[in-house]
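Have the structure open while you read.

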Amino acid sequence: IYLAVIPLTVILGNIYLGAAKYLFISLLIGFETMIPFFVIFERRSVSARELVFLASICALCVAGRGVFYMLPQFKPVTALIIIAGIALGSENGFVVGAVTMLCSNIFFGQGIWTPYQMFSMGLIGFLSGFIFKGSTNRLLISLFGFFAAVVIYGGIMNPSTMFMARMPISVSSLLSVYAAGLPLDLVHGISTAVFLYIGCEPLLTRLERLKQKYGLIR
């Protein structure tokens with residue numbers, strides 16, 4: 001998909017839709033980037049008990065976003081998704097991140113930004129499970145949380161504003177959206193690091209206990 005379908009989408013989109021339709025093309029690419037992760041998840045034999053467990057984690061993340069809705073970007077959502085990825089594995093981490101943004105936007109508003117949010121949070125969940133599986137080093141996890149919020153989430157969501165606002169795509173416009181989004185990205189990164197430093201060890205311990213008690217996520 002990454003080597004064939006996405007380049008083909010760009011080429012055919014420019015030929016048949018024109019460059020003015022780059023918003024629709026970028027949305028297609030956003031959905032295409034998520035397909036492999038969901039295919040990997042669906043090919044596993046997921047039990048009903050495991051699905052309920054994952055749904056509960058997603059509900060906790062959605063609730064965390066709702067409780068802190070008055071504080072822009074100061075939310076525990078990214079931290080919870082990172083913890084879910086570490087405790088439940090890469091594939092489940094991606095699913096938790098993507099589903100969390102899809103479901104929470106039912107309350108905060110769905111829009112053309114939703115696929116970008118789904119992919120960026122899913123990617124954070126996937127990478128956290130891939131890098132820190134079985135780790136409880138809260139300092140390294142907290143540093144990764146800061147990096148994930150500022151570089152990964154901000155790095156995807158800031159350029160997406162150019163597509164959504166139909167801004168001309170150039171180096172100067174890209175730098176301007178990054179500069180405009182940097183203060184909120186830093187708030188997001190610091191809050192994620194703080195939440196992880198305080199809560200990652202106790203939450204990982206409890207999730208591991210639940211996994212062993214109910215025979216989940218083998």
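Predicted model: local features only at pLDDT ≥ 70, side-chain atom pairs only at ≥ 80, totals over all residues.

The crossing of α3 over α5 is right-handed.

Who touches whom here? On the α3 side you'll find E50, L54, I57, C58, C61, V62, R65 and G66, and they meet N92, V96, V99, T100, M101, C103, S104, N105, F107 and F108 of α5. Sorted by class, that contact holds eleven nonpolar, five polar and two charged residues.

Zoom in on S104, which belongs to α5. Is S104 buried or exposed? S104 counts as buried because its relative accessible area is 0%, and the cut-off is under 20%. The S104 side chain makes a polar contact of 2.6 Å with the side chain of R65. Beyond its neighbours within four places in sequence, S104 is in contact with V62 as well as R65.

Now for α4 (residues 77-88), which also packs on α5. These two helices are roughly antiparallel, since an angle of roughly 155° is over 145. Here too the crossing is right-handed. From α4 come V77, I81, A84, G85 and L88, while α5 brings S90, N92, G93, V96, G97 and T100. By class, that's five nonpolar, six polar and no charged residues.

Both pairs in short form:

| Helix pair | Angle | Axes |
|---|---|---|
| α4 and α5 | roughly 155° | within 7 Å |

Key: Residues numbered from 1 in each chain as written. Heavy atoms only, no water. Left-handed = near helix turned anticlockwise from the far one by under 90°. Helix = DSSP H or I, 4+ residues; strand = E, 2+ residues; numbered from the N terminus. Contact = heavy atoms within 4.5 Å. Nonpolar A, V, L, I, M, F, W, Y, C, P; charged D, E, K, R; others polar. Buried < 20%, exposed > 50% of the residue type's maximum accessible area, 1.4 Å probe, protein only. Polar contact = N/O pair within 3.5 Å; in protein donor to acceptor, adjacent residues only side chain to side chain. Axes fitted to C-alpha atoms, helices over the stretch in contact; angles between N-to-C directions. Parallel < 35°, antiparallel > 145°, perpendicular 65-115°, else oblique.
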